[in-house]
Amino acid sequence: LSSEQLSSQDHYDFGMRAVNTVISAAGLNKRENPNEHEDILLLRALRDSNLPKFLHDDIVLFEGIITDLFPGVTCPPLDLGAVQTALEVAIRAEHLQVVPAFVSKCLQLYDVTTLRHGLMLVGPTGSGKTRAYRALQTALSAVAAKQAKGLDTGGRTYKKVYTHISNPKAVTMDQLYGAYDENGEWKDGVLAILFRRAAKYGDEGNLAGLHWVLFDGPVDA
C-alpha cells in the first residue's frame, strides 16, 4: 500500500529488507514490553521503522494507511525520557536552540540505529545532519555514564558512542576504498583503516561501546 500511495523517492524501500526491519523492531518492542498487546507493538514497529525516512506530506498518507490497518488502536509514545533529557542538554551545550522538530529527528535517528547496521542522513546543506548525530552521540554517552553509576535510565542498556569520521570528497575513490598499486600490492583505503580501528578498540576493550563509522560529506561520493 505504501509503495502505491506514497510519493516515489530514491531512499524509500518497501521490499523484504524493510519487512525484516519491522520484524526486528517488533521483536525489540516485545522484549522491552512483554505484556503489551501485540497490535500496539506491531503498530509502533511500523511507525518507528518507517516514519524517519518519509517526507512530510507522505507522513500524513502513511498515518492514514496504518489507521485503516489498525482501526481503534492507539500507540502510546515510547518513553525515552533519559535520552531526550540528555539530548536537550547536549543541544544547549552546543549553543543551539532546543527545537522540537530537531529533537524528534535525533530520537528517530536513535531508533534507526537500534534497527539497522547502516543508515543515511539525507537533507540539504545546513539542515542539521552533522549536528544531529553529534548531539545524539553526546546524549547516549551521557546516559551510558549515568547507567554505569547505577542511576535509573529506563529499561534499555546504553553504551558510550565513539565516532570515526571521514569526508569522502576529500580523497580519491582509491584512497577511500583501497586499490592495488603499480606493483600489484593491495593498499587499504581510509574506510578500511577506520573500520579496523573501530573493531580493534572495541574488541580490546580500550574504548568499549558503540563505534560509528561515518561518511560526513556529499551523498554522491
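## Exercises on salt bridges, burial and a helix crossing

With a relative accessibility of 35%, Arg131 counts as partly exposed. Keep that residue in mind as you work through these exercises on a predicted model.

**Exercise 1.** Find out which side chain meets Arg131 in a salt bridge, and where the two partners sit.

*Solution.* Start with the partner: the side chain of Arg131 meets that of Glu94, at 2.9 Å from N to O. A salt bridge here needs a distance within 4 Å, so the pair qualifies. Glu94 is in the loop between helix H5 (81-93) and helix H6 (100-113), while Arg131 belongs to helix H7 (residues 129-148). The two are 37 residues apart, and the pair links distant parts of the chain. Finally, look at accessibility: Glu94 is at 43% relative accessibility and counts as partly exposed.

**Exercise 2.** Work out how many salt bridges the whole structure holds, and describe the pair that includes Asp188.

*Solution.* A search of the whole structure gives two salt bridges. In the pair that includes Asp188, the partner is Arg196, and the N to O distance is 2.8 Å. Now classify each residue. Asp188 has 31%, so Asp188 is partly exposed. Arg196, at 48%, also counts as partly exposed.

**Exercise 3.** Decide whether Gln137 is buried or exposed, and list what Gln137 touches.

*Solution.* First locate Gln137: this residue lies in helix H7. Then check its relative accessible area, which is 17%. Buried means under 20%, so Gln137 is buried. Last, collect the contacts. Leaving aside residues up to four places away in sequence, Gln137 touches Val161, Tyr162, Thr163 and Trp212.

**Exercise 4.** Describe how helix H2 (residues 16-32) and helix H3 (residues 38-50) cross, and which residues make the contact.

*Solution.* Begin with the axes, which come within 8 Å and cross at roughly 130°. That angle makes H2 oblique to H3. As for handedness, H2 passes H3 in a right-handed crossing. Now list the residues in contact. H2 supplies Thr21, Val22, Ala25, Ala26, Asn29 and Lys30. From H3 come Glu38, Leu41, Leu42, Arg44, Ala45, Leu46, Ser49 and Asn50. To finish, sort them by class: the contact has seven nonpolar, four polar and three charged residues.

Key. Residues are numbered from 1 along each chain as its sequence is written. This is a predicted model: local features need pLDDT of at least 70, side-chain atom pairs count only at pLDDT 80 or more; totals for chains, interfaces and linings use all residues. Side-chain values use heavy atoms; hydrogens and water are left out. Axes are lines fitted to C-alpha atoms, for helices over the stretch in contact, and angles run from 0 to 180 degrees between N-to-C directions. Helices (H or I, at least four residues) and strands (E, at least two) are DSSP runs, numbered from the N terminus. Angles under 35 degrees count as roughly parallel, over 145 as roughly antiparallel, 65 to 115 as roughly perpendicular and the rest as oblique. A crossing is left-handed if the near helix is turned anticlockwise from the far one by less than a right angle, and right-handed if clockwise. Contact means heavy atoms within 4.5 Å. Ala, Val, Leu, Ile, Met, Phe, Trp, Tyr, Cys and Pro count as nonpolar, Asp, Glu, Lys and Arg as charged, and the others, Gly among them, as polar. Buried means under 20% relative accessible area, exposed over 50%, partly exposed in between (1.4 Å probe, protein chains only).
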